Amino acid sequence: MKRRHLPPVLGALLLLALSLLSLSSRRRHHLLLPRGPPSQHAAEGGDALLRRLAAADAGGDQILAEAAALLANASVFSFPSIGNRYRLLYLRLPYRANATAAPRQRAVSRLRVPFVTVPDDAPLLAAFRASLRSFLLARRRGGGEAGDDVVTGGGVAMGGLAAAGLLGRAGKKKKRFPTCAVVGNSGILLGAGHGPQIDAHTFIIRLNNARIAGYAGDVGTRTSLSFVNSNILHRCAARSATTTPGGCDCHPYGRGVPLAMYVSQPAHLLDALICNATATPPTSPFPLLVTAAWLDAVCARVAKYYSMRRFVAATGEPASNWTRRHDERYFHYSSGLQAVVMALRVCDELSLFGFGKAPGARHHYHTNQKKELDLHDYEAEYQFYRDLQERPETVPFLDKLPGFKVPTVKLYW
């Protein structure tokens, strides 16, 4: 499941100024994505109404409510495992089975953590609450309209990654890059042979730690940044915090490749703290970047706008009926859409690989999964990518970002 937001987590606030880069001059094949309806709709007030409805973010409100509940009521409780090999750690919230029942503790998250490097329960809870406060503060400031770097406002980094050239500080001029590549995970990449073309780019973004071993000919081997939702961090932290030398084993492309993450659930801020605490040596913190409130907000609006536009064109119903098909609390943009929007702001030319589908193709090239996740509207997102390539002036909300201009975008099979 993917939901939004990425937290400030234990460490100095730094601002992510992404660098993505250099496209080869090889033969280019445009990706044939499903064509969508034009930008203007007669139904219920047209495009202006779609934009207004898309600006309401029920899912974002729910994330804030969850973070506030954790800040006010969460507790951390741990005890030794059998054989004292590690600590079993529980993040808990009180709940009532009904209005008259006494409150009981419910586990929100369970982790195995080392005895030595992770703080005791009380200081760990204090650090977690500090992260939640920063997370809430950044989003309540209304960071949805602007930002002076690719990830700013609420964006933070764990570790000194500024020296790697991926982070820019507030007040400094944003660096731009001639060409960039974002590699999606669609099964349409299999057999496409794009590996050498992808690797020719100077800066390459991959999604959700997708495997590249065994697929080099189609997806390449080089990675500059892995962009994930926080469920990916939670899974690898739960699996590896006590078993991997140096802490969480969440960097499949090498520890030198940063992980950029948005927060799907505020409870995952605890995973980020634990991964940083278990990193060794202590002078080399867990390389994690988190997205800003404004980036999350823009992506939520773009995804909802294109989904409503598709709904109106397909059904003839008013846009206000869109909620009959989608639960607003859980509808969400994909990791790929957010990585693309992030790249748009710092690239002069952007290439997208593996964004689309074909009959019989796997959902992900590296798994056997064929069914798409219900919380995303992939067909609507495909139209967004097509508009970026063919009609960038029609894409909503990006024009609200100061100084933003959509670069040249190319779609490839």
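Helices (H or I, at least four residues) and strands (E, at least two) are DSSP runs, numbered from the N terminus. This is a predicted model, in which local features need pLDDT of at least 70 and side-chain atom pairs count only at pLDDT 80 or more, while totals for chains, interfaces and linings use all residues. Residues are numbered from 1 along each chain as its sequence is written, and side-chain values use heavy atoms, with hydrogens and water left out.

**Overall**

- The chain contains ten helices and eleven strands.
- Of its 413 residues, 57% count as buried, where buried means under 20% relative accessible area, exposed over 50%, and partly exposed in between (1.4 Å probe, protein chains only).
- Contact means heavy atoms within 4.5 Å. Among contacts in the chain between residues at least 6 apart in sequence, 78% are between residues at least 24 apart.

**Disulfides**

- A disulfide is a covalent bond between the sulfur atoms of two cysteines. Here the criterion is a pair of cysteine sulfur atoms within 2.5 Å, and by this rule the count comes to three disulfides.
- With bonded cysteines counted along the chain, the disulfides follow the pattern 1-6, 2-4, 3-5.
- Cys180 is joined to Cys347, with an S to S distance of 1.9 Å. The torsion about this S-S bond of Cys180 and Cys347 is about -110°, so the disulfide is left-handed. Cys180 lies in strand 5 (residues 180-183) and Cys347 in the loop between helix 9 (335-344) and strand 10 (349-353), so the pair ties together parts that are 167 residues apart in sequence. Both Cys180 and Cys347 are buried.
- Cys236 and Cys250 form a disulfide with sulfur atoms 1.8 Å apart. Because the torsion about the S-S bond of Cys236 and Cys250 is about 105°, the disulfide is right-handed. The pair links distant parts of the chain, 14 residues apart: Cys236 is in helix 6 (residues 230-240), and Cys250 is in the loop between helix 6 and strand 8 (259-262). Cys236 is buried at a relative accessible area of 5%, and Cys250 is buried at 1%.
- The sulfur atoms of Cys248 and Cys275 are 2.1 Å apart and form a disulfide. The link of Cys248 and Cys275 is left-handed, with -95° about the S-S bond. This pair also links distant parts of the chain, 27 residues apart, with Cys248 in the loop between helix 6 and strand 8 and Cys275 in helix 7 (residues 269-278). Cys248 and Cys275 are buried.

**Cavity**

- On a 1 Å grid over the protein atoms alone, a cavity is a set of points where a 1.4 Å probe fits but cannot get out, and its lining residues have an atom within 4 Å of a point. Grid points are joined across faces, edges and corners, and a volume is the space filled by probe spheres set on the points.
- The structure holds one cavity of 30 Å³ or more. The largest cavity has about 110 Å³ of space.
- Its lining is made up of 15 residues, and Asp57, Ala300, Lys304, Glu328 and Phe331 lie nearest the centre. Helix 2 (58-73) and helix 8 (293-315) are the elements that give two or more residues to this lining.
- By class, the lining of the largest cavity has eight nonpolar, three polar and four charged residues. Ala, Val, Leu, Ile, Met, Phe, Trp, Tyr, Cys and Pro count as nonpolar, Asp, Glu, Lys and Arg as charged, and the others, Gly among them, as polar.

**Helix 8**

- The expected span of a helix is 1.5 Å times one less than its number of residues. At 1.5 Å a residue, the 23 residues of helix 8 should span 33 Å, and the end C-alpha atoms are 33 Å apart, which agrees.
- Helix 8 is largely enclosed by the rest of the structure, because 19 of its 23 residues are buried.

- Ala48 is in helix 1 (residues 47-54) and counts as exposed at 59% relative accessibility. Ala48 and Pro396 are 348 residues apart along the chain, with their C-alpha atoms separated by 9.8 Å.
- Arg104 is in strand 3 (residues 104-113) and counts as exposed at 56% relative accessibility. Leaving aside neighbours within four places in sequence, Arg104 is in contact with Leu93, Pro94 and Tyr95.
- Arg104 and Arg92 are twelve residues apart in sequence, and their C-alpha atoms are 9.6 Å apart in space.

Note on methods:
On a 1 Å grid over the protein atoms alone, a cavity is a set of points where a 1.4 Å probe fits but cannot get out, and a pocket is an open set with protein on both sides within 12 Å along at least five of seven lines; lining residues have an atom within 4 Å of a point.
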